[in-house]
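Please work through each task before reading its solution.

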Amino acid sequence: MKIARIGAGYIVTVWILIVMMLGSVLYIGYRSNSNDLRQLMMKEAGRLLDVIAISARAGIHSLDEVEYITARRLLDNARLIERMSRATIPSPESLTDIARNNNLHLLHILKADGTSLSRSDTPGETYTDGERPHRSEVQAVLNGESDMEFFGFMDDTYYSGKRYGVAVRRENGGAVVVNTDSHEMLEFRKSVGLGTLLAQLGEREGITYIVLQDTLGIVAASRGVTEMSRIDTDPFLKEAESGKWVSRITEFREESILEAAYPLVVDEVDLGLLRIGLSTESIDVITKRAARNFIILFAGAMISGVFLFIYVMLRQNYMILDAEHDRILADVRRMEEETRRSERLASMGRLAAGVAHEIRNPLNAISIIAQRLKAEFTPTEDREEYTRYLTTVGSEITRISTIIEQFLKYARPPKLSLTNTAADKIIHEVLDVVGEKARSDNITVDVDVNHGIECRCDAGQMKQALLNIVLNA
């Protein structure tokens, strides 16, 4: 078997293509894993924003609920004092006991003109009629503009007030004012307020900052954050302000972070834009590890390719040597076979010479008899057929002699003697030989051949071939 030798250039080209394909697959996998990690981190940032928003809404609602419960408690106490004052005005001592028992800061019964009828005693405070004006809410009740008013923290700011109270209009004119120390409420606000929530969450590992920001600036933020990009100058924040959840990879204090932003809406009130920055350090570590693995695998593929190239070349040379060895052995066997064949041919030639000598003698006798029958005997019927049969016998004897001569020279195939011969003549001569046997076997041979068709061939060998075909059939 002949082994096709593969060139080194072809092997190198195939190796380069395989390395490129493997490198492409590894690189695509590396990029895909990196993108999947970033997408996962973005989803986690979105979930964290949702948790912060839910916590902020819960904290705000809790504050509202506490204020509502406190207001209801103050209102109930004010109405109780108002009913008590219809019959008789409670003494300061009674109001002081009621205030102490109900954890109230002040109980104050006012006349229609705003002067005091009775007032609980508040430690550390003194009161003189007309010393300072009443709050606008209390004045509205005294003027009859309202039956009830709530007044919250002083100056309506988040942490500056100290009192929280209500004013209820008296049936006989005037008002009952009840308030409580807001210190506990303010402390509660601080503990569940948005600023505290953001500060506590901002201390979690992996969170760089959490900021609630409106168009004016930072509303609340995690510790250490004092300055952020303005909404009106940052297209990313403008997109988030429109109500879309957005995320990006950016830098904060020279650190790569993933930032997500979304509006914080509580009871259909937009409180600002909630921004969270997550450190990408963990992703960077995983990405670097993946890049290192990619380089190692790619280098391994390169080295494997070199060893594969060496192996293929050595294997190819081995196979070529093995094939050459097999070819030499095959040539030796062929020469031995030809030698044996020549010996057999020589033996068969000697045998053929003897057989031919033995066959020629009876053939000569048959030929002489056929000639005498043709020359000395004349049939009374079917003379033409008789003559044709004798002619056929003579030609067949001649052909047998020719075959014997060819058999004697079978080691050297005879050259073709090409002549223009009528095809119908060859066919009829063949049928004359087999016609009698066919009739004896009840076989009818139909011949349909056009006259005048010539073919260039060796008439004797063509006749022998056709005769063999018909006899085999």
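**Exercise 1.** Determine how many aromatic pairs there are, and classify what is found.

*Solution.* Step 1: Rings of Phe, Tyr and Trp (its six-membered ring) pair if their centres lie within 6.5 Å; planes under 30 degrees apart count as stacked, over 60 as edge-to-face and the rest as tilted. By this rule there is one aromatic pair.
Step 1: The ring centres of Tyr209 and Phe252 are 4.6 Å apart and their planes stand at 55 degrees, so this pair is tilted.
Step 2: Tyr209 belongs to strand E6 (residues 207-214) and Phe252 to strand E8 (residues 246-252), 43 residues apart, so the pair links distant parts of the chain; strands are DSSP runs of E with at least two residues, and helices are runs of H or I with at least four, numbered from the N terminus.

The model is predicted: local features need pLDDT of at least 70, side-chain atom pairs count only at pLDDT 80 or more, and totals for chains, interfaces and linings use all residues. Residues are numbered from 1 along each chain as its sequence is written, and side-chain values use heavy atoms, without hydrogens and water.

**Exercise 2.** Decide whether Tyr209 and Phe252 are buried or exposed.

*Solution.* Step 1: Buried means under 20% relative accessible area, exposed over 50%, and partly exposed in between (1.4 Å probe, protein chains only).
Step 1: Tyr209 has a relative accessible area of 1% and is buried. Phe252, at 12%, also counts as buried.
Step 2: Of the 473 residues of the protein, 31% count as buried.

**Exercise 3.** State how many helices and strands the protein has.

*Solution.* The protein contains 10 helices and 12 strands.
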